[in-house]
Amino acid sequence: MFYVYVLKCKDGSFYTGYTDNLNRRLKLHNEGKASKYTRSRLPVELVARWSFTNKSEATKYEIAFKALPRKSKMEEITGRH
């Protein structure tokens with residue numbers, strides 16, 4: 001199982017990524033070891049996640065999600081379309 005996840009950083013910005021082990025990845029983010037971007041914006045909070053059966057589907061969704069404008073990202077995160 002692969003996951004695309006969205007973190008909310010302490011400065012209000014969002015970080016989007018994918019992983020096959022969500023709990024481990026969140027732990028690494030909050031330890032400052034997973035991403036340069038989140039390292040200076042700790043703590044981070046998981047605000048959304050989507051499950052996929054393979055890496056290809058997950059990365060395609062991650063790329064599509066990152067291309068959305070912020071308003072559309074918020075709608076996707078809250079489930080309001």
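Predicted model: local features only at pLDDT ≥ 70, side-chain atom pairs only at ≥ 80, totals over all residues.
Thr-16 itself lies in strand β2, which covers residues 14–19.

Is Thr-16 buried or exposed? Its relative accessibility is 8%. Since buried means under 20% relative accessible area, Thr-16 counts as buried. In the protein chain as a whole, buried residues make up 37% of the 81 residues.

I turn now to the chain as a whole. The protein chain contains four helices and three strands. Read from the N terminus, the order of these elements is β-β-α-α-β-α-α. The radius of gyration is 12 Å, close to the 12 Å that the globule rule gives for 81 residues, and the chain is therefore as compact as a globular protein of that length. Along the principal axes, the C-alpha atoms fill a box of roughly 30 × 30 × 15 Å.

How much of the contact pattern links residues 24 or more positions apart? Among contacts in the protein chain with a separation of 6 or more, such pairs account for 54%.

Finally, the surface and the charges. The accessible surface of the protein chain is about 5200 Å², and carbon and sulfur atoms contribute 50% of it. The chain carries 17 positive and 8 negative charges.

Methods. Residues numbered from 1 in each chain as written. Heavy atoms only, no water. Helix = DSSP H or I, 4+ residues; strand = E, 2+ residues; numbered from the N terminus. Rg over C-alpha atoms; globule rule 2.2 N^0.38 Å. Buried < 20%, exposed > 50% of the residue type's maximum accessible area, 1.4 Å probe, protein only. Contact = heavy atoms within 4.5 Å. Areas by Shrake-Rupley, 256 points an atom, 1.4 Å probe, with all protein chains shown as cover. Lys, Arg positive; Asp, Glu negative; His and termini not counted. Charge placed at Lys NZ, Arg CZ, Asp CG, Glu CD.
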